[in-house]
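I opened the notebook to record what I looked up in this structure, beginning with the ligand surroundings and then turning to the sheets.

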Amino acid sequence: MATPRVMFVNHTSAIAGAELVLLDVVRRWQGATAFLFEDGPLDQAMQRTGLAVVRSRFGRGLSAVKRDASLWRAAPLAGRLAGVAVEIARTARRHDVVYANSQKAFVLAALAGAVARRPLVWHLHDIIDGSHFGSAQRRLQVTLANRFAARVVVPSAPAAAAFTAAGGRADLVEIVPNGVAIVRDPRPPAAIRVALGLPDGPLVGVFSRLAPWKGQHVLLDALAGLPGVGAIVVGDALFGEQDYAAALHAQAAALGLAERVRFLGHRADVPLLMQAVDVMVHPSVAPEPFGRTLVEAMLAGTPVIATDAGAAAEILDHGAAGTLVPPADAAALAAAIARTLAAPDGLAAQRARAAARARALYGVEAMQEAVAAVIARVAAGAAR
Ligand code: UDP
Ligand code: GLC
């Protein structure tokens, strides 16, 4: 069968982990179409990959609808949502397969796909549980998935388990771990620190967008019990969490950490910053669907401390390739940071094991091939 014509759909044009995954996936699909709800950084990055970009006339701002909002709160937007669904259906007719990369994209693509009668793949980057979504949203997602999705691609076993626990059909699920690649800088950490203007001394880093469930506040609490330890907080509020960002600054000031904690905002040089710190902390307080930054730090050769919720245990080989701590436990996190900073050989064996594991299990090419295989099977099924 000829290469299927694929239409990739994403609701936000901010670039978080799910969008970075999509950008790697589509590199295999020159000439395919990206349907985006709004313009922005993803739109521009998509055009650079050689995809034809179709931008919705009605989708702007829909990404600001909170993922846990009740359906009633979204009701005034019904007209615009319907407008986007009609646009997706119209564009889908020129394609063989529709590939939705976010839950909002999926919901509208499911409604549109029902009209356009094109098979639909949902790349689900979320853990569908009560800590991430309201119950009406969960019901809507699994109902639509069970009825309209040809396949549901998830990045980890916990994401698959959450989908089925919410009522999703197990036979739809395909686990495709995210593929991650970084370019390692040959300079030693001290030289990188000088080049980046980072301080001497023990330094930890957190590299997630600012959002309450990413748990940066737990790291700040932990630092209060670690005199002399500095931190860089890298990342910005990408999806309207400005209140949380402000609260973090206030918390750092209230804890007397203003001198020790630097908020660096969103950065394009995360792997380099990771190489510069003594330990990377991933403090999510809700289950992490995957966590690209975990793998990036493993590849960077930096010790990782992550909360044991969601995919972190799987990625860190249940503690053999990094340290796991309970979520939302500042004292446990502080103790783990102190132990890591005090380790005489910088945890050399654990870091080597982590880097090898990341290279073996989380390659970009393997992910691209696995997704291409899913799309090919779905297209072949539809053509029968
Ligand atoms: N990232 C970045 N700049 C920042 C913060 C994060 O480029 O300032 C990148 C980070 O390197 C990673 C991605 O954003 O590749 C976040 O993906 P992850 O899966 O860790 O979390 P998500 O934000 O998707 O929940
Ligand atoms: C989501 C998840 C993150 C995952 C990323 C890519 O944004 O929060 O854990 O790594 O998607 O799948």
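**Entry 1: ligand 1**

I first sorted the shell around ligand 1 by residue class and found 6 nonpolar, 6 polar and 6 charged residues, where Ala, Val, Leu, Ile, Met, Phe, Trp, Tyr, Cys and Pro count as nonpolar, Asp, Glu, Lys and Arg as charged, and the others, Gly among them, as polar. I note here that this is a predicted model, in which local features need pLDDT of at least 70 and side-chain atom pairs count only at pLDDT 80 or more, while totals for chains, interfaces and linings use all residues. Residues are numbered from 1 along each chain as its sequence is written, chains are lettered from A and ligands numbered from 1 in the order in which they are written, and side-chain values use heavy atoms, with hydrogens and water left out.

The shell of ligand 1 holds 18 residues, and Gly17, Arg209, Lys214, Arg267 and Glu296 are the closest; a residue is counted if one of its heavy atoms lies within 4 Å of the molecule. Helix 1 (17-26) and helix 12 (292-300) each contribute at least two residues to this shell, helices being DSSP runs of H or I with at least four residues and strands runs of E with at least two, numbered from the N terminus.

I then listed polar contacts, meaning pairs of N or O atoms within 3.5 Å. A polar backbone atom of Arg267 lies 2.7 Å from a nitrogen atom of ligand 1, a polar backbone atom of Arg292 is 2.9 Å from an oxygen atom of the ligand, and a backbone N or O atom of Thr293 is 3.2 Å from an oxygen atom of ligand 1. Ligand 1 taken alone exposes 540 Å², of which the protein buries 89%; the areas come from the Shrake-Rupley method with a 1.4 Å probe.

**Entry 2: ligand 2**

For ligand 2 I found a shell that includes Gly17, His125, Asn178, Trp213 and Arg292. Helix 1 gives the largest share of this shell, 3 residues, and by class the shell has 5 nonpolar, 4 polar and 2 charged residues.

Which side chain has an N or O atom 2.4 Å from an oxygen atom of ligand 2? I found that it belongs to Glu288. Polar backbone atoms of Phe290 and Gly291 also lie by oxygen atoms of ligand 2, at 3.0 Å for Phe290 and at 2.9 Å for Gly291. Ligand 2 taken alone exposes 310 Å², and the protein buries 94% of that.

I traced an open sheet of 6 strands in the order 10-9-8-11-12-13, with parallel pairing, where two strands pair if DSSP finds at least two bridges between them. Strand 10 (261-265) and strand 13 (323-325) are its edges, each pairing on one side only. Strand 9 (residues 230-234) pairs with strand 10 over 4 bridges in the parallel sense, and Val234 has Gly265 of strand 10 as its bridge partner. Helix 9 (residues 216-224) lies across strands 8, 9, 10 and 11 and runs at about 165° to strand 8 (203-206); contact here means heavy atoms within 4.5 Å, and angles run from 0 to 180 degrees between N-to-C directions of axes fitted to C-alpha atoms, for helices over the stretch in contact.

I also traced an open sheet of 7 strands in the order 3-2-1-4-5-6-7, again with parallel pairing. Its edge strands are strand 3 (52-55) and strand 7 (173-175), and the twist averages 25° from one strand to the next. Strand 6 (residues 149-154) and strand 7 pair over 3 bridges in the parallel sense, with Glu174 of strand 7 as the bridge partner of Val153. Helix 2 (residues 41-48) lies across strands 1, 2 and 3, at about 155° to strand 3.

Conventions. Polar contact = N/O pair within 3.5 Å; in protein donor to acceptor, adjacent residues only side chain to side chain.
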